[in-house]
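Dear colleague,

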Amino acid sequence: MLTFVIAAVVVLIFFYINRNEAVEVQSYLAIGLMASYLALLVFVPPHSAMNAMYIGNLFGVLSLVSFGMILFPELNRFTPENITRVLGWAGLIGMSLLLCIYKLFVWQ
């Protein structure tokens, strides 16, 4: 549930910062993918049978970092914005695929 709150705060900050600018389509796509990812994580069974704190942190933190890399690529001063966004997309899509694999085959 905390991941929902943090993702919502990130989206609100993003729209507040860009309130006078046009928002790119990939930002809307990232928000949609993150919303579907969080819905899959929380609402679709099966869930982990054991108390898997580290796996839960992995699925929460890495997806949020990737989401932040897509929405705020200018925060990374060491690489170009395009590279940061590509890495963010790779992380978010990779975590989505990994979550699907876990839901289908591991957490039966």
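UniProt positions are given in the numbering used here, feature names are shortened, and annotations may be inferred rather than shown by experiment. Residues are numbered from 1 along each chain as its sequence is written. This is a predicted model, in which local features need pLDDT of at least 70 and side-chain atom pairs count only at pLDDT 80 or more, while totals for chains, interfaces and linings use all residues, and side-chain values use heavy atoms, with hydrogens and water left out.

The unreviewed UniProt entry lists residues 29-45, 52-72 and 87-106 under "transmembrane region". Helices (H or I, at least four residues) and strands (E, at least two) are DSSP runs, numbered from the N terminus. Residues 29-45 are 88% helix and 0% strand, with end C-alpha atoms 25 Å apart, and residues 87-106 are 100% helix and 0% strand, with end C-alpha atoms 26 Å apart.

Helix α1 covers residues 2-17 and includes I17. I17 counts as partly exposed because its relative accessibility is 48%; buried means under 20% relative accessible area, exposed over 50%, and partly exposed in between (1.4 Å probe, protein chains only). In α1, the residues T3, A7, V10, V11 and F14 are buried. Seen down the axis of α1, its buried residues fall within an arc of 95° (taken from the directions from the helix axis to the C-beta atoms), so they line one face of the helix. On the other side of α1, L2, L12 and Y16 are exposed.

Best wishes
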